[in-house]
Structures are given as structure tokens and as C-alpha cells.
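Let's take a walk through a protein model together. Keep the picture in view as you read, and look for each part as it comes up.

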Amino acid sequence: MPKRAVITGVGHFVPEDVLTNADFEKMVDTTDEWIQTRTGIRERRILKNGATSDLAAGAIKDLLKKKNMSAEEIDLIIVATVTPDMFFPATACVIQEKIGAKNAWGFDLSAACSGFIFALVTGAQFVQTGAYKKVIVVGADKMTAITDYTDRANCILFGDAGAALLLEPSNNEEYGILDHILHCDGSGGPYLNMLGGGSLNPPTHETVDKKMHYIYQDGKAVFRVAVVGMADVSYEVMKKNNLTGNDVDWLVPHQANKRIIDATAHRMELDSSKVMLNIDRYGNTTAATIPLCLSEYFQSGQLKKGQTLILSAFGAGYTWGAVLVKWAFDNNKK
Ligand code: UT7
């Protein structure tokens, strides 16, 4: 059996269209200053035509191109999303068809903003058991599909994106997915959800009138728990592995709010130069934030072989967790 699952490829896709804070000033009662100081966001991308599977397929195609790899080599596709194209078939099946991954099976995984790290840990198990050799883990969300553009507290937060990683087996224990701590607390359900459309509240005129097919968030309540939860779990995974802030090269945080990210870095005693950030350009893209950071920082040559990373997230459920990763390869095409 292989000793580790290692990340051996990255790719991402962001739509071209941009929604800036200035655009929101014309849509709702807000200001660029409020949005930037409270969230750290300047702009986000929106997918005008297409669905989550297009964001994910775009990301996987980017990865395959960079790896010079054929889609037919993929064994398994795990899709983290809360905005599947439809309830069924799974978005994984739609993506499999779109990219021509004829030999792959796949499934969707729902854990909101923690979706990517839950999917990454799941994918790593399939690799470490020796069951599969090439596993794609993709985080993709078309958040604009479920955003109420009259709700000023929430509409300014979200954007659309997809990003993917490739996991492969390795016998070198030093690199790859080294450890994780994951949590759920269902008592957080009432504070961040989308109540309509499922078996609890099937779609009716009434559910539409009551705006139950949009994201609902009590931002203040979620903030209070997220700011502690994400900081604590990141610190715990570090301590569990006898690491200090000096040993960590990168914090790769879910990009929901710059203030939550700063609090996490502070708890880990990490300098801000060691924190991956792109919230200013993309906002909260739910399952895509973490792999999008990895893909961009890798592409720019800042993420290098041998570096120690802590990936961490907090989201609806509540769900949260952190993953310890040793990066296994360099970008030679900078
Ligand atoms: O990704 C999954 C997990 N989600 C999160 O981690 C999000 C957690 N929550 C947050 O990031 C923050 O709570 C928000 C960014 C959503 C809101 O920031 P806040 O500092 O918690 O603001 P608030 O909700 O306490 O609102 C402060 C004030 C309120 O006015 P009053 O009651 O003080 O008069 C709001 O009505 O700001 C007002 N406000 C706005 N003002 C201008 C709310 N939204 C806006 C807006 N523009 N867009």
C-alpha cells in the first residue's frame, strides 16, 4: 500500500465577468469602504452563462493541460459543491461527460465552505488504500445562482469559481496529505442555510415568494463562531504535529472574511506574508476558495516543493477543519 496521497497537479477556472464594489453601490445601500473594511473584498467573478459543472470542468481542463495528461487517465472525480447543476444526476457525472473522463467514477460532496477540505481528505483515503491512482478533487460553486441581490449583508460576499487538485499515491512519507482534523456541529444549521427546494420545503410559489431558494445567513452569529473555530482548529493541527508558526510556510484559509483570516493567522503566530489571500479579487467562492489559492500561488511560483501548508475552513453546518500538507512539486514553467 502507498504511504501517502500527494498533490501532483493544480488548475483553476474563473469566469471573465467582474462585479465590483462600485457596481454594488448602484444595486443596494452600501459603500466600497464598508465592504472593504468589513470583508476585504473588492470584486468577484460571475458566471453569466453556464453552471457549476462548467466552472469545475474548466478547472480540471486547466489542470490536465498543465500536467499534459489525458482525461481518460482519471480514476475518480470528487466534487465539493453546494450549488450542483441539479439534485441529480450528480455534478460529478456531468463533469465526467464534459471533460471526457471515460474511465472515472465520481460523486458530489456537500460541506459548504469546508467542502474542499472534506473532499480532499476523502480523496486521500481512496489513494492511500491503494484503490485508485489518479483522483481529482474539485471545488466549484456558482454562488451567484443562490444569491439574493437585494440582501445587502450577503450579496456582496459571494462569487463564482472552480479549482481542482490531482492526488496520486507515493511511497515517500514526507510529502502529501499528512494529517487532518475535521468537525461538524449541526446546531449551527439555523444560522447559514438555503431552506427551500429540498425534501423539507419542496419548491412552491410560497417558497419562492419567501425567498427560500437563496442563501440565508445571520452574518454576525456565523462570524462569532467562525473566527474562533477556524483559528482553533488550525492551531490544533499545528500543535498535534509539534509545529510552531515558524515551521509553517503557508496558511491557506477559506476566503470568507479577511478579519477571520487575520484572526486565524494571529492564533497561529504567523506573519501575514505567510497567508494566501485572494478574497479581494474573488470574494467567497465557497468550495473553490482554497484550491483557487493553491493554484494561483503555485502558478506564480510562490508555492514551492517542500513547503508546509495548513489548509483551513469554516462553513455552513456548521462544518470546519484543517489539513496539514507538505507540497510535493515545483512549477518549472514560471
Ligand atoms: O463562508 C462561510 C462562513 N461565513 C462567514 O464566515 C461569514 C461570517 N460573517 C461575516 O463575515 C460578517 O458578519 C459580515 C461581513 C457578513 C457582516 O459584517 P459585520 O461586521 O458582522 O456586520 P453586521 O452584520 O454586524 O452589520 C453592521 C452594520 C449593520 O447596521 P447597524 O445595525 O449597525 O445600523 C448592518 O445593517 O452594517 C450594516 N450592513 C451594511 N452596511 C453597508 C450590513 N451589510 C451592509 C452593507 N453595506 N453591505
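We will visit a pair of helices, then some aromatic rings, and finally a loop. Keep in mind that this is a predicted model.

Start with helix H3 (residues 52–67) and helix H4 (residues 91–99), whose axes are 9 Å apart and meet at an angle of about 50 degrees. The crossing of H3 past H4 is right-handed. On the H3 side, the contact is made by Ser53, Asp54, Ala56, Ala57, Ile60 and Lys61, while H4 brings Thr91, Val94, Ile95, Lys98 and Ile99.

Now look for the rings. The structure has 13 aromatic pairs. One of them joins Tyr191 and Tyr318, which are stacked with 6.3 Å from centre to centre and 15 degrees between the planes. Tyr191 sits in the loop between strands E8 and E9, and Tyr318 in the loop between strands E12 and E13, so this pair ties together parts that are 127 residues apart in sequence. Elsewhere, ring pairs link Trp105, Phe107, Phe126 and Tyr132 into a cluster.

Finish at Ser272, in the loop between helices H9 and H10. Ser272 has 60% relative accessibility, so it counts as exposed.

Terms used: Residues are numbered from 1 along each chain as its sequence is written. This is a predicted model: local features need pLDDT of at least 70, side-chain atom pairs count only at pLDDT 80 or more; totals for chains, interfaces and linings use all residues. Side-chain values use heavy atoms; hydrogens and water are left out. Axes are lines fitted to C-alpha atoms, for helices over the stretch in contact, and angles run from 0 to 180 degrees between N-to-C directions. Helices (H or I, at least four residues) and strands (E, at least two) are DSSP runs, numbered from the N terminus. A crossing is left-handed if the near helix is turned anticlockwise from the far one by less than a right angle, and right-handed if clockwise. Contact means heavy atoms within 4.5 Å. Buried means under 20% relative accessible area, exposed over 50%, partly exposed in between (1.4 Å probe, protein chains only). Rings of Phe, Tyr and Trp (its six-membered ring) pair if their centres lie within 6.5 Å; planes under 30 degrees apart count as stacked, over 60 as edge-to-face and the rest as tilted.
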